[in-house]
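Reader: Put the model up for me, please. I'd like to go through it with you piece by piece.

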Amino acid sequence: MVQRTGVLDVNSCYLYLLLSSEFADTCVVAEEDEHLIGFVTGFCPPKRPYSIFLWQIGVDPNAQGKGLGKRLLRAFLDSPGAAQATTLETTISPSNTASQRLFEAIARERGATVSTSEYFREDHFPAGHEAEELYRIAPIR
């Protein structure tokens, strides 16, 4: 699924298995006809217990443009693992306007404020990876 999106960093199968088992309360999937068409992975950062960090959101290219990303993000914020969270955090690269618009729309929906700051610079990554800015959306409840 991650590879099919064509835009997400592909990580090891082991990492996705850990996320889906150890952080199952903060991971959401969407299926259609028994096929995975979207997902959200995230966790509650131990040092910021009132935050929920969205690590990856992916929608199959054949399911894009139908509002699935927004429905997945809503389900993520309403998941059991996010129940205590008042702040949504994620990182977005400067060129990823689709994700920026998605998170700004969720903020508007919830009457929340979006703040951004530098998080990981390009030199933190192997060549060819953009910087990642930290987006904080609060309050989400």
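Author: One term before we start: buried means under 20% relative accessible area, exposed means over 50%, and partly exposed is in between (1.4 Å probe, protein chains only). What you see is a predicted model, where local features need pLDDT of at least 70 and side-chain atom pairs count only at pLDDT 80 or more, while totals for chains, interfaces and linings use all residues. Residues are numbered from 1 along each chain as its sequence is written, and side-chain values use heavy atoms, leaving out hydrogens and water.

Reader: Is Leu54 buried or exposed?

Author: Leu54 sits in strand 3, residues 51-59; strands here are DSSP runs of E, at least two residues, and helices are runs of H or I, at least four, both numbered from the N terminus. Its relative accessibility is 1%, so Leu54 counts as buried.

Reader: Which residues is Leu54 in contact with, leaving aside neighbours within four places in sequence?

Author: Contact means heavy atoms within 4.5 Å. With those neighbours set aside, the partners of Leu54 are Val40, Thr41, Gly42, Leu73, Phe76, Leu88, Glu89, Thr90 and Phe103.

Reader: Which residues of helix 3 are buried?

Author: Helix 3 covers residues 68-77. Its buried residues pack against strand 1 (28-32), strand 2 (35-43), strand 3, strand 4 (87-92) and helix 4 (97-109). In an α-helix there are 3.6 residues a turn, so residues three or four places apart point the same way. The buried set is Leu68, Gly69, Leu72, Leu73, Phe76 and Leu77.

Reader: In what order do the elements of the protein chain run?

Author: The protein chain has four helices and six strands. Going from the N terminus, the order is α-α-β-β-β-α-β-α-β-β.

Reader: What is the radius of gyration of the protein chain?

Author: The C-alpha trace spans about 35 × 35 × 30 Å along its principal axes. The radius is taken over C-alpha atoms, and the globule rule is 2.2 Å times the number of residues to the power 0.38. For 141 residues, a compact globule would come out near 14 Å, and the protein chain agrees with that at 15 Å.

Reader: How much of the protein chain is buried?

Author: Of contacts with a separation of 6 or more, 59% join residues 24 or more positions apart. As for the 141 residues of the protein chain, the buried share is 41%.

Reader: How many disulfides does the structure hold?

Author: A disulfide is a pair of cysteine sulfur atoms within 2.5 Å. The closest cysteine sulfur to that of Cys27 is in Cys44, 11 Å away, which is too far for a bond. Cys44 itself is partly exposed, because its relative accessibility is 30%. The disulfide count is zero.

Reader: What is the relative accessible area of Glu34?

Author: Glu34 lies in the loop between strand 1 and strand 2, and Asp33 is found in that loop too. Neither is glycine, yet phi is positive in both: near 50° for Asp33 and near 65° for Glu34. Asp33 counts as exposed because its relative accessibility is 66%. Glu34 is exposed as well, with a value of 77%.

Reader: Which two residues does a cis peptide bond join?

Author: Look at the segment after strand 6 (132-138), where Pro139 is found. Omega there is about -10°, and the cis bond joins Ala138 and Pro139.
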